[in-house]
Amino acid sequence: MLSKLITSALRALPALALMAGVSATNAHAQTADGYWQGVQKAGVLRCGAAVAPPYVMRDPATGEYSGFFADLCKEFADVLKVKPQFVDTTWDNIVAGLQAGKWDVSLALNRTPARAMAVRFSIPAMEYQISLAYNKNNPKIPATAVSVADVDKAGVTIAVMSGTAQDKAISTAVKNATIMRLPGNDETRLALTSKRADILVDASDTNQLLTQANPDWAVALNPKPALAKQGVSFGLPHNISAADVEVANIFLEEKVATGHVDELIHKAVDEVLKGAK
């Protein structure tokens, strides 16, 4: 298909024949080498990292990254025999940065149809769902609430990280409540604890950290029907070959099957809870 298009272009535009030939040669060389071979030649695996504990965390004092997806980035870099390099980004930019070639892998990316049109995905490292965390003493939240509709009321403010899968999910579901979009996890938690927001929408395991750290007032609800239930994966460049995707898949398949990912999750959760004390 590609060769036919190039041949047609050369016939129609002879003056561009040399340029087209050079472009085709470069593209072929890149495909023949493979994406991960290119990473190996560069000597570094660049991982786009947007903070969302316990998936990805960043120590503000040292700049060091942790969290179980950060650990997976380091371990995948070891497999490739290169150094891991974390590139700080936001959830609003984590797809666009991958498309622009600013990094090689996006960490902790939810598999959604919209994103799949822009990037490729590895197999999931874990399953994800969205929960609603709130103060159990808040009179705006009914004790009998089981769905988003039960809390979607005028006067209710919902905090969520801008650009995340949970932002997209709650934005579709909410008709009456006010959505407060904030840049990061620290800001959304502060909005809830300071009572500027009534509800915090986040990944269920992330909200579990909040409820475990604040058992005297914080509760979390997994709404029915679910807001979202998706796999969380490595995001990969859209033009990466199926063979190169398989390299990432085999790496994750073993880590999940052996229980290693569960170990990394527990380690990350312990780190968050220790820091919250």
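**Notebook: cavity, aromatic pairs and core**

By cavity I mean a set of points, on a 1 Å grid over the protein atoms alone, where a 1.4 Å probe fits but cannot get out, and lining residues have an atom within 4 Å of a point. The model is a predicted one, in which local features need pLDDT of at least 70 and side-chain atom pairs count only at pLDDT 80 or more, while totals for chains, interfaces and linings use all residues. Residues are numbered from 1 along each chain as its sequence is written, and side-chain values use heavy atoms, with hydrogens and water left out.

I searched the whole structure and found one cavity of 30 Å³ or more; about 110 Å³ of space lies in the largest cavity, a volume being the space filled by probe spheres set on the grid points, which are joined across faces, edges and corners. I noted that strand E5 (105-110), helix H7 (165-173) and strand E10 (199-203) each give at least two residues to this lining, where helices (H or I, at least four residues) and strands (E, at least two) are DSSP runs numbered from the N terminus. Domain 1 (38-126 + 231-276) and domain 2 (128-229) each contribute at least three residues to the lining of the largest cavity, with the bounds coming from an automatic or database domain assignment.

Tyr-55 and Phe-68 make a tilted pair, 5.3 Å centre to centre with 40° between the planes. Tyr-55 sits in the loop between strand E1 (44-49) and strand E2 (57-58) and Phe-68 in helix H4 (residues 68-80), so this pair ties together parts 13 residues apart in sequence. Phe-69 and Phe-234 form an edge-to-face pair at 5.9 Å and 70°, linking helix H4 with strand E12 (residues 229-236) across 165 residues. Both Phe-69 and Phe-234 are buried, that is, under 20% relative accessible area with a 1.4 Å probe, protein chains only.

Lastly I looked up the largest nonpolar core, where, of 76 residues, Trp-36, Leu-45, Tyr-55, Phe-69, Leu-107 and Phe-234 touch the most other members; such a core is a set of buried Ala, Val, Leu, Ile, Met, Phe, Trp, Tyr and Cys residues joined through side-chain atoms within 4.5 Å. H4 gives the most to this core, with eight residues.

Definitions and conventions. 1 Å grid on protein atoms, 1.4 Å probe; cavity = no way out; pocket = protein on both sides within 12 Å on 5 of 7 lines; lining within 4 Å. Phe/Tyr/Trp six-rings, centres within 6.5 Å; stacked < 30°, edge-to-face > 60°. Buried < 20%, exposed > 50% of the residue type's maximum accessible area, 1.4 Å probe, protein only.
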